[in-house]
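User: I have a model open and would like to go through it with you. Could you take my questions as they come?

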Amino acid sequence: MYDVIVIGAGPAGMMASISAATSNKKVLLIDKNDKVGKKMALTGGSRCNVINLKSTKEFINEIPVNNKMLYSALNQFGPQDIFDYFIKIGVPLKIEDNDRVFPISNKSKTIIDALESQLKINNVFINLNEVVDSIENCDTYKIVKTNKNTYKTEKIIIATGGVSYPVTGSTGDGYKLAEKMDQTVTKLYPAETFLINKEPLPLAGITIDSVLITFNKSQATGSMLFTHTGLSGPAIFKISAEVYNELKTSKYATIGIDLIPNFTFDQLAISLNDYNPKKEINSFVRDYLPKRLGDYIVNETIPNLKVGITSKVNKQKLLLALKNFKVTIKSTGTIEQSIVTGGGIDMKYINFKTMESLTNNKIYFAGEVLDIHGHTGGYNITIALSTGFVAGKLQ
Ligand SMILES: Cc1cc2nc3c(=O)[nH]c(=O)nc-3n(C[C@H](O)[C@H](O)[C@H](O)COP(=O)(O)OP(=O)(O)OC[C@H]3O[C@@H](n4cnc5c(N)ncnc54)[C@H](O)[C@@H]3O)c2cc1C
């Protein structure tokens with residue numbers, strides 16, 4: 001008989017196990033993979049953006065759905081606590097732009113190894129290559145059946161992740177286990193994913209550090225990348241769920257990209273008027289944008305004449321194209337291709353102070369399996385570690 005069985009050895013499940021074991025509980029952690037943290041190994045380009053250190057209020061603003069339900073978990077084990085925890089267990093960290101935290105080693109393995117050694121130090125039993133097939137509620141205990149064994153436990157923590165990147169083991173099993181216990185699961189959708197253009201642009205490989213994207217009433221800032229089929233990068237990911245939603249009812253969705261958000265339309269107009277009249281108009285644009293992108297926009301918009309003989313109307317047209325570059329989108333990446341899964345365990349039926357189900361006693365949920373996700377930038381692993389810690393805590 002175990003005190004706690006944790007299903008899933010991603011960041012949420014590992015932290016939940018450590019948290020429970022440090023409260024002197026007998027803990028079994030089960031994962032279907034042959035190693036812990038398989039998805040975590042891929043994160044942040046294999047560097048693992050493990051935390052975002054923003055203040056709780058700013059952090060919450062980066063969580064598009066159910067964000068208020070995170071306050072309690074973040075107050076119990078928030079970004080700074082997670083940062084201090086890793087330092088305490090001997091993982092040197094560094095802070096990069098936008099409050100993103102990485103291991104100094106630039107290797108996700110450093111984080112995974114540190115968590116794994118904490119599991120061992122705290123005597124967590126780890127069963128790998130084992131798939132949880134079912135959960136049964138008995139009066140005073142629960143039964144967990146796997147492809148190899150049957151276990152009894154007092155408490156279960158489901159930390160099985162979403163359905164994105166299923167090769168990492170996150171195949172949505174947690175939703176099925178939950179539904180069998182009548183736990184409500186909201187509709188799943190791709191969140192934080194790339195967009196596919198109606199017509200591909202000859203701009204593949206160009207990145208821009210800072211853009212402002214407008215779609216319907218939403219805006220997103222950050223960097224972006226032109227791909228062979230469309231658009232990608234953090235700013236694009238931020239609006240992808242909304243674009244996905246729109247494409248459920250419309251054939252196309254059009255986004256507007258401010259390619260030079262650091263200057264207003266009027267500031268650019270003044271610079272263009274003051275620009276050397278003998279130089280060609282694309283030379284002006286190249287001061288602000290990568291050459292290939294600048295040339296493309298000029299060629300698609302107005303004749304590339306000398307600035308001095310370019311008409312006022314054409315200058316306006318060009319500035320409009322730079323400040324509101326329209327791209328028509330026909331589809332988004334699939335849920336399997338997305339960085340995180342939108343939707344999940346319905347937060348209405350979760351006690352978000354403890355992560356316990358309100359409808360199934362002693363069943364807890366943590367991490368991406370919940371209907372909470374963040375934008376890219378370290379928010380998702382922070383959420384996994386924070387909710388995992390809370391779910392594992394001695395209640
Ligand atoms: C390419 C990529 C890059 C990313 N980069 C970042 C980043 O840099 N920073 C960030 O914050 N987030 C990043 N994310 C998101 C982040 O990885 C996830 O949100 C996070 O891993 C979720 O943690 P989790 O513990 O909830 O689930 P997961 O990490 O998905 O772990 C779930 C575990 O449960 C196991 N499991 C599932 N079903 C069963 C079952 N029936 N029996 C046994 N085991 C089971 C799986 O094998 C898996 O190991 C990235 C995601 C991707 C795909």
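User: Which strand does Ser-134 lie in?
Analyst: Ser-134 belongs to strand S7, residues 132–137, where helices (H or I, at least four residues) and strands (E, at least two) are DSSP runs numbered from the N terminus. This is a predicted model, in which local features need pLDDT of at least 70 and side-chain atom pairs count only at pLDDT 80 or more, while totals for chains, interfaces and linings use all residues. Residues are numbered from 1 along each chain as its sequence is written.

User: Is Ser-134 buried, exposed or partly exposed, and why?
Analyst: Ser-134 counts as partly exposed because 13 other C-beta atoms lie within 10 Å. By the rule used here, a residue is buried if 20 or more other C-beta atoms lie within 10 Å of its own, exposed if 12 or fewer, and partly exposed in between, with C-beta atoms placed from the backbone.

User: And how far is Ser-134 from Lys-180 in space?
Analyst: From C-alpha to C-alpha the two are 8.5 Å apart, although 46 residues separate Ser-134 and Lys-180 in sequence.

User: Switching topic, what about phi at Cys-48?
Analyst: Cys-48 is not a glycine, yet its phi is positive, at about 60°. Cys-48 sits in the loop between H2 and S3, and it counts as buried because 26 C-beta neighbours lie inside 10 Å.

User: What is phi of Lys-362, and where is that residue?
Analyst: Lys-362, a residue other than glycine, also has a positive phi, near 65°, and it is placed in the loop between strand S19 (356–357) and strand S20 (363–365). Lys-362 is partly exposed, because 17 other C-beta atoms lie within 10 Å.

User: Now the ligand. Which residues come nearest?
Analyst: Of the 39 residues around the ligand, the nearest are Gly-8, Gly-10, Gly-161, Gly-169 and Gly-367, where a residue is near a molecule if its C-beta atom, placed from the backbone, lies within 6 Å of it.

User: Which helices supply that shell?
Analyst: Helix H1 (11–21), helix H2 (38–46) and helix H13 (379–392) each give at least two residues to the shell, and H2 has the largest share, with six residues. By class, the shell holds 18 nonpolar, 15 polar and six charged residues; here Ala, Val, Leu, Ile, Met, Phe, Trp, Tyr, Cys and Pro count as nonpolar, Asp, Glu, Lys and Arg as charged, and the others, Gly among them, as polar.

User: Which residues touch the most others in the largest nonpolar core?
Analyst: That core has 66 residues, and Ile-5, Ile-157, Ile-158, Phe-365 and Ala-366 touch the most other members. H13 gives the most to this core, with eight residues. A nonpolar core is a set of buried Ala, Val, Leu, Ile, Met, Phe, Trp, Tyr and Cys residues joined through C-beta atoms within 7 Å.

User: Last one, how is the protein divided into domains?
Analyst: Domain 1 covers 2–189 + 335–392 and domain 2 covers 194–333, with bounds that come from an automatic or database domain assignment. Their C-alpha centres lie 38 Å apart, and nine residues of domain 1 are in contact (C-beta atoms, placed from the backbone, within 7 Å) with six residues of domain 2.

Note on methods. Contact = placed C-beta atoms within 7 Å.
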